[in-house]
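User: Can you walk me through this one? I have a few quick questions.

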Amino acid sequence: MKFGVVVFPGSNCDRDVAYVTKNLMGQPTRMVWHQDTELSDLDVVIIPGGFSYGDYLRCGAIAQFSPVMQQVIEHAQKGKPVLGICNGFQVLTEAGLLPGALARNQDLHFICDRVPVKVERTDLSWTQNYQTGEIITLPIAHGEGRFYADEKTLSEIEDNGQVLFRYEGDNPNGSLNNIAGICNSKGNVLGMMPHPERASDSMLGNSDGLKLFQGLLEKVTALV
């Protein structure tokens with residue numbers, strides 16, 4: 001199984017993700033520069049956190065036009081897994097791969113913390129190693145992580161079961177319906193604000209995020 005980690009100018013969590021996929025899970029991993037247009041060798045594409053293009057216009061707004069994104073869209077349309085974390089989630093919404101948008105946090109402050117997150121579904125590769133309703137702890141680090149969608153879109157997201165993660169207890173950023181992560185209708189594209197890669201090594205005192213990557217590995221490996 002081969003992972004590709006997309007690197008934009010301003011990405012800063014790309015090496016964290018690669019450490020998990022390559023060092024912790026032992027899988028081939030390629031760093032994909034944003035101008036690269038060849039992804040056919042990859043099984044999974046991950047868009048990491050950071051500040052693509054310095055968030056110059058709006059988080060993810062410029063990154064959606066990078067040459068690599070058309071290939072990411074085609075990769076997703078083939079039913080292959082795509083994961084966007086934090087800024088990567090923002091990029092996926094801007095590119096139209098996920099519904100809704102990420103707006104400024106309700107208190108207008110950047111938040112860096114560890115928060116409890118509830119797992120809503122476990123019938124997808126992303127969450128199959130968790131228990132339904134399980135509360136896990138994941139780090140967050142964002143200034144524009146408040147999930148927003150119009151009433152019709154939000155209703156469709158809920159009705160289609162596209163919410164995979166919700167903030168438990170206090171909502172740190174004001175996301176509608178406490179949404180912390182959603183998938184597309186097919187379930188192969190996931191965007192989430194919390195950072196599972198920062199909670200994947202037991203040396204850091206928390207490995208709750210590793211199950212996400214392990215579940216994906218098991219599912220894709222079984223299909224190969």
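User: What does the side chain of Asp150 reach at the start of H4?
Analyst: The backbone nitrogen of Lys152. A side-chain oxygen of Asp150 comes to within 3.1 Å of that nitrogen. Keep in mind that this is a predicted model.

User: And just after H4, what phi does Gly161 take?
Analyst: A positive one, about 65°. Asn160 sits in the loop between helix H4 (151-159) and strand S9 (163-167). Asn160 is partly exposed, at 48% relative accessibility.

User: Which residues of H4 are buried?
Analyst: Thr153, Leu154 and Ile157. Down the axis of H4, the buried residues fall within an arc of 100°, so they line one face of the helix.

User: Why would that spacing give one face?
Analyst: An α-helix has 3.6 residues a turn, so residues three or four places apart point the same way.

User: What does the buried side of H4 pack against?
Analyst: Its buried residues pack against S8, S9 and strand S10 (179-183).

User: Which exposed residues are on the face turned away from that side?
Analyst: Glu151, Lys152 and Asp159.

User: Switching to aromatics. How many aromatic pairs are there?
Analyst: Two, with ring centres within 6.5 Å as the cut-off. Phe8 and Tyr53 form a tilted pair. Their centres are 6.4 Å apart, with 50° between the planes.

User: Where do Phe8 and Tyr53 lie?
Analyst: Both are in loops. Phe8 is in the loop between strand S1 (3-7) and helix H1 (14-24). Tyr53 is in the loop between strand S3 (44-47) and helix H2 (67-77). The pair therefore ties together parts that are 45 residues apart in sequence.

User: Phe8: buried or exposed?
Analyst: Buried, at 3% relative accessibility. Tyr53 is partly exposed, with a relative accessible area of 26%.

User: And how are Phe89 and Phe147 arranged?
Analyst: They are stacked. The centres are 6.2 Å apart and the planes are at 15°. Phe89 lies in helix H3 (residues 87-94) and Phe147 in strand S8 (residues 146-148), so this pair ties together parts 58 residues apart in sequence.

User: What are the relative accessibilities there?
Analyst: Phe89 has a relative accessible area of 1%, so with buried meaning under 20% it counts as buried. Phe147 is at 0% and is buried too.

User: What does Phe147 touch, leaving out residues up to four places away in sequence?
Analyst: Its contacts include Phe89, Pro99, Leu102, Ser175, Ile179 and Ile182. Leu154 and Ile157 are also among them. Those two are buried residues of H4.

User: How many residues are in the largest nonpolar core?
Analyst: 64. The residues with the most contacts inside it are Val72, Leu83, Phe147, Phe165 and Leu212. In soluble globular proteins, nonpolar side chains tend to be buried together.

User: Where is Phe165?
Analyst: In strand S9. Phe165 is buried, with a relative accessible area of 1%. Phe165 and Asp107 are 58 residues apart in sequence and 22 Å apart in space, C-alpha to C-alpha.

User: Last one. Where does His75 sit?
Analyst: In helix H2. His75 is buried, at 4% relative accessibility. Beyond four places away in sequence, His75 touches Leu42, Asp43, Val44, Val45, Lys80, Pro81 and Val82.

How values were computed:
Residues are numbered from 1 along each chain as its sequence is written. This is a predicted model: local features need pLDDT of at least 70, side-chain atom pairs count only at pLDDT 80 or more; totals for chains, interfaces and linings use all residues. Side-chain values use heavy atoms; hydrogens and water are left out. Rings of Phe, Tyr and Trp (its six-membered ring) pair if their centres lie within 6.5 Å; planes under 30 degrees apart count as stacked, over 60 as edge-to-face and the rest as tilted. Helices (H or I, at least four residues) and strands (E, at least two) are DSSP runs, numbered from the N terminus. Buried means under 20% relative accessible area, exposed over 50%, partly exposed in between (1.4 Å probe, protein chains only). The arc is that of the directions from the helix axis to the C-beta atoms. Contact means heavy atoms within 4.5 Å. A polar contact is a pair of N or O atoms within 3.5 Å; within protein, one must be able to donate a hydrogen and the other to accept it, and residues adjacent in sequence count only if both atoms are side-chain atoms. A nonpolar core is a set of buried Ala, Val, Leu, Ile, Met, Phe, Trp, Tyr and Cys residues joined through side-chain atoms within 4.5 Å.
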